[in-house]
Amino acid sequence: MNSDLIYQGSDLMLDRLPLATIAREYGTPVYVYSASSIRGQVTRLMQSLGTIGSLRYAVKANANPILLALIFNMGLGADTVSRGEIQEALDAGCPADRIVFSGVGKTQEELTFALDHGIFINAESEEELATIARLRTGVHVGIRINPGVDAHTHRYVTTGTEESKFGIPVDAAPDAFRL
């Protein structure tokens, strides 16, 4: 059981706050997050990773600005898929150099916004790479390669097959790298 969620007598408490009081004040349903639990999980994740990389929080999972600020203040970066998510991350205090812009279907306007703010872009197609090259030269981008491999997952979450819309086919990778 989570030690941040306990009974004190007959009151259910989260981070020493009575949940019944929160429900009376704000009504139900209400979302309540444990800052101490989140801090503990982030700390464990960061310790397990050590110095071999960095962590990015998927803003699409929950864009609550207080939650984002808590996570970004602990050193996590942001994984974003839209201009709005980039702005939410920036507004919550995430430094631009810790934001990654991923996903298919990025518009020229979104790419320009990301480039203007120094956001790292993960390109999904040769067309996207060409657009970035037209907009700006000398920037570093990631390139998502589609290996054309079926991992035999559910058909709605399959992303690595040749039929998938995600990434550049592996045989087109050399041309993409040159671009």
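Reader: Where does R16 lie?

Author: R16 lies in the loop between strand 2 and strand 3. Helices (H or I, at least four residues) and strands (E, at least two) are DSSP runs, numbered from the N terminus. This is a predicted model, in which local features need pLDDT of at least 70 and side-chain atom pairs count only at pLDDT 80 or more, while totals for chains, interfaces and linings use all residues. Residues are numbered from 1 along each chain as its sequence is written, and side-chain values use heavy atoms, with hydrogens and water left out.

Reader: What is the phi of R16?

Author: Near 65°, a positive value in a residue other than glycine. Most residues other than glycine have a negative phi.

Reader: Is R16 buried or exposed?

Author: R16 counts as exposed, because its relative accessibility is 75%. The cut-offs are under 20% relative accessible area for buried and over 50% for exposed, with partly exposed in between (1.4 Å probe, protein chains only).

Reader: And D15, what about its phi?

Author: The phi of D15 is also positive, near 50°, and D15 is not a glycine. D15 lies in the loop between strand 2 (11-14) and strand 3 (17-18). At 24% relative accessibility, D15 counts as partly exposed.

Reader: Which side chain makes a polar contact with the side chain of D15?

Author: That of S34, at 3.0 Å. A polar contact here is a pair of N or O atoms within 3.5 Å; within protein, one must be able to donate a hydrogen and the other to accept it, and residues adjacent in sequence count only if both atoms are side-chain atoms. The S34 side chain also makes a polar contact with the side chain of S36, at 3.3 Å.

Reader: Where is S34 found, then?

Author: In the loop between helix 1 and helix 2. S34 counts as buried, because its relative accessibility is 7%. Leaving out residues up to four places away in sequence, S34 touches D4, L14 and D15; contact means heavy atoms within 4.5 Å.

Reader: Which residues does the cis peptide bond join?

Author: T28 and P29, with omega about 0°. P29 is placed in the loop between helix 1 (19-26) and helix 2 (35-49).

Reader: How many bridges join strand 4 to strand 5?

Author: Three, and the two strands run parallel. R56 stands opposite G77 in strand 5. From strand 4 the chain passes through helix 3 to strand 5, a right-handed β-α-β crossover. Right-handed means that, with the strands pointing away from the viewer, the path from the first strand over the helix to the second runs clockwise.

Reader: Which residues of helix 4 are buried?

Author: E85, I86 and A89 are buried in helix 4 (residues 83-91). Seen down the helix axis, the buried residues fall within an arc of 105°, so they line one face of helix 4. The arc is that of the directions from the helix axis to the C-beta atoms.

Reader: What covers them?

Author: The cover includes helix 3 (65-73), strand 5 (77-80), strand 6 (99-101) and helix 5 (108-116). Helix 4 is followed by G93, which has a positive phi, near 100°.

Reader: Last one: how do strand 7 and strand 8 pair?

Author: Strand 7 (residues 120-123) pairs with strand 8 in the parallel sense over three bridges. The bridge partner of N122 in strand 8 is G142.

Technical notes: Pairing = 2+ DSSP bridges.
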